[in-house]
Amino acid sequence: MNQRIDTHVEQASASQGTESETFQRAEAKKRGRSRLRPRTLLALYLIFILLPIYWLLNMSFQTNSEILGSFSLWPQNFTAANYMGIFTDSSWYMGYVNSIGYVLMNMLISISVALPAAYAFSRFRFIGDKHLFFWLLTNLMAPPAVFLLPYFQLYYSVGLFDTHIAVALAHCLFNIPLAIWILEGFMSSVPKEVDETAYIDGYSFPRFFVKIFIPMIRSGIGVTLFFLFMFSWVELLLSRTLTATSAQPIASIMTRTSTASGIDWGTLAAAGVLTILPGIVVVYFVRNHIAKGFALGRT
């Protein structure tokens, strides 16, 4: 009798062990599928994003006859003549120098004005502060074409037409409100007790602002500089209209590839690849600040 009971117990435990193993296998398959699905979607998304960039890079190493005459996933007759034409022609590479010049000037001016202005909005309350803040944001709602004619007449009258500072100041109309809006959110997240403690310890406001406050919001400054660069780098209407020859940006020079004989697709593709590179460099240097900024700040 005892042997039968032991046999039944062993059979029951064996069946339970088999069921548990089957359940564990099923759970492992579900986890594998749940992990595979987002990875597949991420891979498809990356392919969708990177395919145009790869195709642009592919075209930049092809001749016009190959671009227009055949469909190839990689250059059949590899050539670097398109890049050499850009690097050896001063009108081309100076376009990049001009664009980088007024972009850096705009970033410096915008962040220098926006930091104290955002601090004032985040720390003080005064008559009309909310209305003034809203008025600054309305500048972002207007298209650049609205301000094109006033800027052109003003700069032409005072002798700033076709200069780097003209484009940099024009972009400040949009970038300074954007910078104030982003930075105000980061500054408001810093407790006011930090300011009071610094004053008790004998810090003057400039010393406190530079040595204590700015390092605490460096992620917000990184995010702000990223957006300032992106707007000023890709903006075409103001930069093209307010310049003629001396400060012409690369986006305006790229239109020269369209002539009566057709479009120089190879040179245009090479110029496009070189135009993407500064953005990649900026993202690389501020990538950590951007990740923190998107998680903490107003953006």
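A nonpolar core is a set of buried Ala, Val, Leu, Ile, Met, Phe, Trp, Tyr and Cys residues joined through side-chain atoms within 4.5 Å, where buried means under 20% relative accessible area with a 1.4 Å probe, protein chains only. The model on your screen is predicted, so local features need pLDDT of at least 70 and side-chain atom pairs pLDDT 80 or more, while totals for chains, interfaces and linings use all residues. Residues are numbered from 1 along each chain as its sequence is written, and side-chain values use heavy atoms, leaving out hydrogens and water.

**First stop: the largest core.** Select Leu115, Tyr151, Ile180, Leu183, Met187, Phe213 and Ile217, which touch the most other members of this 43-residue core. Next, colour the helices (DSSP runs of H or I, at least four residues, numbered from the N terminus). α4 (90–123), α5 (129–141), α6, α7, α9 (205–216) and α10 (218–234) each give the core at least two residues, and α7 supplies the largest share, 15 residues.

**Zoom in on isoleucine 180.** Beyond its neighbours within four places in sequence, its contacts (heavy atoms within 4.5 Å) are Ala114, Ala117, Ala118, Phe121, Phe133 and Leu136. Apart from this core lies another, of 12 residues, including Phe61, Trp92, Ile250 and Ile253.

**Now go to serine 60.** You will find serine 60 in helix α1 (residues 2–60). Is serine 60 buried or exposed? Serine 60 is buried, at 0% relative accessibility. Its side chain reaches the backbone oxygen of leucine 57 at 2.6 Å.

**Last stop: aspartate 162.** Look in the loop between α6 (148–158) and α7 (164–188). Aspartate 162 is a residue other than glycine with a positive phi, near 65 degrees.

Definitions and conventions
Buried means under 20% relative accessible area, exposed over 50%, partly exposed in between (1.4 Å probe, protein chains only). A polar contact is a pair of N or O atoms within 3.5 Å; within protein, one must be able to donate a hydrogen and the other to accept it, and residues adjacent in sequence count only if both atoms are side-chain atoms.
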